[in-house]
Amino acid sequence: MNDTASDALQAMSLLDPAVQNDPFDFYALLHEHRPIYQIPETGVFVVSRFDEVKAVLLDHETFSSRFGESFLELQGAEQQELYARILREEGWPHSLSLQNADPPLHTKHRKLIEFAFSRKNVLAMADEIDEVCHDLIDGFAADGCCEFVSQFAMPLPGILIAKLIGLSADQLPLFKRWADALLAPITHVMSVEETAETARAEVELQHFLADMREERRKNPTGDIISVLASQPANDGAVLPMIEYQYVLRQLIAGGFETTMNAISHAMWLLMRHTDQLEKLRSDMSLMSKFIDEVVRFDAPVQGLLRRATRATEIAGTTIPENAIVMVRYGAANRDPQQFACPHRFDIERRNVATHVGFGNGIHFCIGRTLARQEMHSAFTALLLRLDNIRIARPLPQPPHSPSLLFRPFREMHLRFDVIAQRPPRQ
């Protein structure tokens with residue numbers, strides 16, 4: 001590595017909000033000069049190239065997803081102990097499930113909830129998803145403007161994940177506040193005061209979910225809470241409270257953040273690439289490839305963590321046993337060895353479906369079919385009814401909230417022309 005590249009890498013950090021806001025120059029440096037990069041402040045090994053990211057994702061025995069409270073490792077020792085103590089004393093401690101578990105526990109939990117995210121169930125929901133999209137557009141169409149994140153990109157997946165879980169969409173702002181609290185410890189370093197506030201928000205959610213569990217045991221309604229509260233898993237037993245809590249914790253956090261980010265970035269990309277917007281308008285059969293290119297170009301989850309179960313080597317770099325490894329989806333999806341001209345947004349890209357924006361291996365995103373349908377319904381409705389979509393006021397600077405793992409837009413104020421009314425209900 002030459003001195004210029006070395007100096008450029010030393011001047012950047014994934015913990016820097018400026019790099020998190022726009023990480024793509026940093027990713028390009030990693031691809032060329034340091035495909036396995038150790039974050040100086042944390043010791044976490046970042047895997048940036050497509051082939052190595054995919055290899056890590058497919059080897060869950062060497063690269064374990066098993067984390068207990070280790071998502072708190074971004075925090076200082078005082079914050080870690082405070083958070084864990086509040087949960088022990090006032091609620092339920094963290095457990096393992098889904099994204100932070102390995103088989104057989106991962107398999108046990110996934111099998112309980114996969115009915116809700118199956119292709120069959122999502123297809124059955126398609127008309128309902130369309131209606132939610134049009135309901136949201138009806139809420140701002142007459143104004144000729146909207147704040148797109150809070151009025152569309154957040155409530156669309158929020159309403160639908162709430163329905164699947166068994167929560168009331170009327171309480172969406174409360175669920176979003178809880179989701180933000182659940183994600184805070186893995187997105188930025190918190191103060192002691194914020195740690196206590198965040199932990200108590202999680203405790204508040206835990207007690208709400210505990211009450212819902214008892215209600216659904218008495219009056220099951222076929223939603224995820226009803227299943228988790230009463231249906232035996234493959235070991236013949238109903239989930240204990242601590243596992244029930246943690247399955248729902250992950251669904252609530254992931255159900256809001258990831259698809260909200262995908263929808264927000266999709267809109268932003270269309271406004272910045274009007275040639276691609278017109279191409280999509282003129283040929284809506286490109287919608288599926290458009291969705292894949294959005295997820296490739298700006299992965300809704302930029303990276304997730306694994307732990308090495310043994311000393312191993314990746315691309316010539318030794319990874320010690322028990323080291324934390326970050327698979328950086330956002331970087332892998334911009335790897336020029338996998339995608340020609342990776343920084344060009346092209347909804348007709350031939351190999352776009354090979355992206356790892358939804359992960360890979362046993363932890364392949366369980367909600368990917370739902371997310372794709374939500375995006376398909378969203379942009380079908382938006383492009384049918386609105387034209388001349390444009391920024392109404394400058395984006396805040398930086399436009400994304402600080403986060404190590406996501407790139408959530410703070411806000412996006414739009415203006416538009418209404419070109420069609422809501423189609424008749426099916």
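Helix α10 (172–187) gives the most to the lining of the largest pocket, with five residues; helices here are DSSP runs of H or I of at least four residues, strands are runs of E of at least two, and both are numbered from the N terminus. The model is a predicted one, in which local features need pLDDT of at least 70 and side-chain atom pairs count only at pLDDT 80 or more, whereas totals for chains, interfaces and linings use all residues. Residues are numbered from 1 along each chain as its sequence is written, and side-chain values use heavy atoms, with hydrogens and water left out.

The largest pocket holds about 310 Å³ of space, and of the 19 residues that line this pocket, K176, D180, E257, S401 and P408 lie nearest its centre. Two or more lining residues come from each of α8 (148–153), α10 and α13. By class, the lining comprises nine nonpolar, five polar and five charged residues, where Ala, Val, Leu, Ile, Met, Phe, Trp, Tyr, Cys and Pro count as nonpolar, Asp, Glu, Lys and Arg as charged, and the others, Gly among them, as polar. Grid points are joined across faces, edges and corners, and a volume is the space filled by probe spheres set on the points.

The lining of the largest cavity divides into 28 nonpolar, 15 polar and four charged residues. For the second largest cavity the volume is about 60 Å³, and the residues lining this cavity include H94, E202, Q206, Y246 and R249. Both α11 (192–218) and α13 supply at least two residues of that lining, which consists of six nonpolar, four polar and two charged residues.

Helix α13 (residues 241–272) also packs on a sheet, touching β9 and β10, with contact taken as heavy atoms within 4.5 Å. The sheet is open and is formed by three antiparallel strands in the order β4-β10-β9, two strands being paired if DSSP finds at least two bridges between them. Because β4 (145–147) and β9 (386–391) stand at the edges with a single partner strand each, one side of each is left without a neighbour in the sheet. Four bridges join β9 to β10 (residues 413–418), and R390 stands opposite R415 in β10.

A further packing arrangement involves helix α15 (residues 287–297) and α17, the axes of which come within 10 Å and cross at roughly 115°; axes are lines fitted to C-alpha atoms, for helices over the stretch in contact, and angles run from 0 to 180 degrees between N-to-C directions. Among the residues making this contact are F290 and I291 of α15 and M375 and F379 of α17.

Note on methods
On a 1 Å grid over the protein atoms alone, a cavity is a set of points where a 1.4 Å probe fits but cannot get out, and a pocket is an open set with protein on both sides within 12 Å along at least five of seven lines; lining residues have an atom within 4 Å of a point.
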